[in-house]
There are 2 protein chains.
Amino acid sequence: MELWYTEKQTENHGITTKITETLHSEKSEFQQIDIIQTKQFGRMLVLDGMVMTTDVDEFVYHEMIAHVALNTHPNPKKVLVVGGGDGGAIREIVKHESVEQAVLAEIDGRVIEACKTHFPNIAKELSGNPRVSVQVMDGVKHIHENKGAYDVIMVDSTEPVGPAVGLFEKGFYQGIYDALKPDGIMVAQTESPWFNRDLIKRVFRDLKSIFPITRLYTVSIPTYPSGLWSFTIASKQYDPLEVDPDTIKDLDTKYYSPELHHAVFKLPKFVQELTRD
Amino acid sequence: MELWYTEKQTENHGITTKITETLHSEKSEFQQIDIIQTKQFGRMLVLDGMVMTTDVDEFVYHEMIAHVALNTHPNPKKVLVVGGGDGGAIREIVKHESVEQAVLAEIDGRVIEACKTHFPNIAKELSGNPRVSVQVMDGVKHIHENKGAYDVIMVDSTEPVGPAVGLFEKGFYQGIYDALKPDGIMVAQTESPWFNRDLIKRVFRDLKSIFPITRLYTVSIPTYPSGLWSFTIASKQYDPLEVDPDTIKDLDTKYYSPELHHAVFKLPKFVQELTRD
């Protein structure tokens, strides 16, 4: 018997992928958590029916949410990830020697546990690293309790439905602003420039009204809707475009490079227009 | 009744998209030609079960196969498209005022006719433009009969199966070299850096052994396998990286821009490594 998992990424379009096994399936307090073994992409984490990460392409999302902001800040010491229970962003953050403390604020402890079991390579820094603090809690609450605490904050959320809906709201971004130090930087995943144009425009406009510097960049993630994904970076002082590529340390990466740091901000015209008023 | 069209892009993975109507279906001398009306991407051209183009995202492929090479050559007058029966590449080529003659060598006249009927916006320059010459013939034969004739040659082929298999072979690239003027440039679509890594490496190596300058670039095409697509450009004299963005005329485009001309060559590490020996 052939088993195929199909995700309707929109009402009218999706991906379908061959699977050999369901490794994990549970309904947590917050969402449906499934982990399946696929033929094309290795293991795949699916939350509420949406692909979150896979063995084969996880490096793109995790490197690219982490290294652009961390290499824009000249000396990031304290870093927060809101969401990101798989641990991939944390794994990339601790590659930066300047980082003294990387905090994970994930609302669903069951995601963390399932990923520790089934994605050991992604979750590997969630246990036993003294620089990493894993806190099972609401990220919104955490930022309100930690004013002026962080150099960099990353919003590593699911889609803007279910538990993550508050993570795309202007009030939340203001809370992040307040939780950052006076020269802090935030970055958030902001969906597909093909399928989520209104959301990207709104988030960009909201962040631009709070932070002096706001920039959009894109990456290729084949298991995400349309294969093109966006991140929005917002900064109090440092501009990602003013980083000298020659000063960026060469990290152990498969996607990010000092050259790419600048190139990802050069957007196709139909994406660039999402950043205009 | 809901109708969904599913393309297995590899043995183990594909896209599935909702359709409302089949507009055209025929078996030509060379391949199966289907045109369907989708909900997400407008009309979709499918050859031998593989998505070739859609109303919504066609601009990416057609702009990006045409404008990088045409803006690298300082004065392209005579341009050949091998394949490309939908006419999208031709439409972009004639936006360049320097071009005196744009020749389409498409082996399957039925593709041209079906696209004229169902994709009027894509095929619009295939009729009535005195600068455009449409020739229903084997592109391989055409290049062997036109030595030293062209400034730019574009290989706008289907996947390397069926009628297009010869268009990915080293002998064909040597034929293109010979059909180019002493300062000519070629560009070919070269599949997905996620799914077709061996093909990209081989083509890059073959072109590098023939042309002094060979470069790889990528673009986002949501209806193509993995959503990330590559083009390989090979040039006798002009380097696409040495073009001054300030000298590039602003064309009526939705993806290409003078800024993007350079950025598309900055590759993620896992793609960059395909261009190393």
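**Helix packing and chain contact**

Visitor: Which residues in α5(A) meet which residues in α6(A)?

Guide: From α5(A), the residues are A:Lys170, A:Tyr173, A:Gln174 and A:Tyr177, and they meet A:Asp206, A:Leu207 and A:Ile210 in α6(A). Please note that this is a predicted model.

Visitor: How do the residues of that contact divide by class?

Guide: The contact of α5(A) with α6(A) has four nonpolar residues, one polar residue and two charged residues.

Visitor: And at what angle do α5(A) and α6(A) pack?

Guide: The angle is about 40 degrees, and the axes of α5(A) and α6(A) are 10 Å apart. The crossing of α5(A) past α6(A) is right-handed.

Visitor: Which residues of α5(A) are buried?

Guide: In this helix, residues 170-179 of chain A, the buried residues are A:Phe172, A:Tyr173, A:Gly175, A:Ile176 and A:Ala179. Around the axis they span an arc of only 155 degrees, so they sit on the same side of α5(A).

Visitor: What do those buried residues pack against?

Guide: Their partners in chain A are α4 (139-144), β9 (150-156), β10 (180-189) and α6 (197-210).

Visitor: Turning to chain B, how do α6(B) and α7(B) pack?

Guide: Helix α6(B), residues 170-179, and helix α7(B), residues 197-210, pack at about 40 degrees with their axes 10 Å apart. α6(B) passes α7(B) in a right-handed crossing. On the α6(B) side the contact is made by B:Lys170, B:Tyr173, B:Gln174 and B:Tyr177, and on the α7(B) side by B:Asp206, B:Leu207 and B:Ile210. Four of the contact residues are nonpolar, one is polar and two are charged.

Visitor: Which residues are buried in α6(B)?

Guide: They are B:Phe172, B:Tyr173, B:Gly175, B:Ile176 and B:Ala179. Viewed down the axis of α6(B), these buried residues fall within an arc of 155 degrees, and so they line one face of the helix. They pack against α5 (139-144), β9 (150-156), β10 (180-189) and α7 of chain B.

Visitor: How many residues does the contact take from each chain?

Guide: It takes 28 residues from chain B and 28 residues from chain A. On the side of chain B that touches chain A, the elements giving two or more residues are β1 (3-10), β2 (13-27), α8 (258-263) and α9 (269-272) of chain B. β2(B) gives the most to this side, with six residues. By class, this side of chain B has nine nonpolar, 13 polar and six charged residues.

Visitor: Another helix, then. Which residues are buried in α3(A)?

Guide: In α3(A), residues 109-118, the buried residues are A:Val111, A:Ile112, A:Ala114 and A:Cys115. They pack against five strands of chain A, namely β2 (13-27), β3 (32-38), β4 (43-47), β7 (101-106) and β8 (132-136).

Visitor: Now the loops. Is A:Lys249 buried or exposed?

Guide: A:Lys249 is exposed, because 11 other C-beta atoms lie within 10 Å and a residue with 12 or fewer counts as exposed. Its place is in the loop between β12 (228-235) and α7 (258-263) of chain A. The C-alpha atoms of A:Lys249 and A:Asp198 are separated by 36 Å, and the two residues are 51 apart along the chain.

Visitor: What is phi of A:Glu191?

Guide: A:Glu191 has a positive phi of about 70 degrees, although it is not a glycine. A:Glu191 lies in the loop between β10 and α6 of chain A. It is buried, with 24 other C-beta atoms within 10 Å.

Visitor: And what is phi of B:Ser226?

Guide: Phi of B:Ser226 is near 75 degrees, a positive value in a residue other than glycine. B:Ser226 is found in the loop between β11 (213-220) and β12 (228-235) of chain B.

Visitor: Is B:Ser226 buried or exposed?

Guide: B:Ser226 is buried, with 23 other C-beta atoms within 10 Å.

Methods:
Residues are numbered from 1 along each chain as its sequence is written. Chains are lettered from A and ligands numbered from 1 in the order in which they are written. This is a predicted model: local features need pLDDT of at least 70, side-chain atom pairs count only at pLDDT 80 or more; totals for chains, interfaces and linings use all residues. Axes are lines fitted to C-alpha atoms, for helices over the stretch in contact, and angles run from 0 to 180 degrees between N-to-C directions. Helices (H or I, at least four residues) and strands (E, at least two) are DSSP runs, numbered from the N terminus. A crossing is left-handed if the near helix is turned anticlockwise from the far one by less than a right angle, and right-handed if clockwise. Two residues are in contact if their C-beta atoms, placed from the backbone, lie within 7 Å. Ala, Val, Leu, Ile, Met, Phe, Trp, Tyr, Cys and Pro count as nonpolar, Asp, Glu, Lys and Arg as charged, and the others, Gly among them, as polar. A residue is buried if 20 or more other C-beta atoms lie within 10 Å of its own, exposed if 12 or fewer, and partly exposed in between; C-beta atoms are placed from the backbone. The arc is that of the directions from the helix axis to the C-beta atoms.
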